[in-house]
Amino acid sequence: MPEPHEPRLPLFTLSEAHELLGVLQHFGGTDHDWGAQARHFAAELAARVPCRDV
């Protein structure tokens, strides 16, 4: 985690976006209302972020 006094970039880095996508996909696996929202935002983020080279 960056220190609170460090300036933040206006956008996520590609690495941060992929980490967030992983978290959303994890929570999207639940049947709870939050799972549905996580699936929605995971799909939206995945559509906007380039694929990670593996």
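## Exercises on a predicted model

The side chain of histidine 18 comes within 2.9 Å of the backbone oxygen of proline 50. Keep in mind throughout that this is a predicted model.

**Exercise 1.** Find which helix holds histidine 18, decide whether histidine 18 is buried or exposed, and list what histidine 18 touches beyond four places away in sequence.

*Solution.* 
- Step 1: Begin with the helix. Histidine 18 sits in α1, which covers residues 14–28.
- Step 2: Next comes accessibility. Buried means under 20% relative accessible area. Histidine 18 has 14% relative accessibility, so it counts as buried.
- Step 3: Now look for partners. Setting aside residues up to four places away in sequence, histidine 18 touches Val49, Pro50, Cys51 and Arg52.

**Exercise 2.** Describe how α1 and α2 pack: at what angle, and how far apart are their axes? Which residues make the contact?

*Solution.* 
- Step 1: Take the geometry. The two helices, α1 and α2, pack at an angle of about 150 degrees, and their axes are 7 Å apart. The crossing of α1 and α2 is left-handed.
- Step 2: Gather the residues. From α1 come Ala17, Leu20, Leu21, Leu24, Gln25, Phe27 and Gly28, while α2 brings Gly35, Ala38, Arg39, Phe41, Ala42, Leu45 and Ala46.
- Step 3: Sort them by type. In this contact of α1 with α2 there are ten nonpolar residues, three polar and one charged.
- Step 4: Zoom in on one residue. Apart from neighbours within four places in sequence, alanine 38 is in contact with Leu24, Phe27 and Gly28.

**Exercise 3.** Which residues form the largest nonpolar core, and which elements give two or more residues to it?

*Solution.* 
- Step 1: Name the members. The largest nonpolar core has seven residues, namely Ala17, Leu21, Leu24, Ala38, Ala42, Leu45 and Val49.
- Step 2: Trace them to their elements. Two or more residues of this core come from each of α1 and α2 (33–48).

**Exercise 4.** Compare two further places: is glycine 29 buried or exposed, and how is histidine 40 classed?

*Solution.* 
- Step 1: Locate glycine 29, which lies in the loop between α1 and α2. Exposed means over 50%. Glycine 29 reaches 63% relative accessibility, so it counts as exposed.
- Step 2: Look across from the loop. Glycine 29 and arginine 39 are ten residues apart in sequence, with 7.8 Å between their C-alpha atoms.
- Step 3: Turn to histidine 40, in helix α2. Its relative accessible area is 43%, so histidine 40 is partly exposed.
- Step 4: Finish with a distance. Between the C-alpha atoms of histidine 40 and arginine 8 there are 26 Å, and the two residues are 32 residues apart along the chain.

Terms used
Residues numbered from 1 in each chain as written. Predicted model: local features only at pLDDT ≥ 70, side-chain atom pairs only at ≥ 80, totals over all residues. Heavy atoms only, no water. Helix = DSSP H or I, 4+ residues; strand = E, 2+ residues; numbered from the N terminus. Buried < 20%, exposed > 50% of the residue type's maximum accessible area, 1.4 Å probe, protein only. Polar contact = N/O pair within 3.5 Å; in protein donor to acceptor, adjacent residues only side chain to side chain. Contact = heavy atoms within 4.5 Å. Core = buried A, V, L, I, M, F, W, Y, C linked by side-chain atoms within 4.5 Å. Axes fitted to C-alpha atoms, helices over the stretch in contact; angles between N-to-C directions. Left-handed = near helix turned anticlockwise from the far one by under 90°. Nonpolar A, V, L, I, M, F, W, Y, C, P; charged D, E, K, R; others polar.
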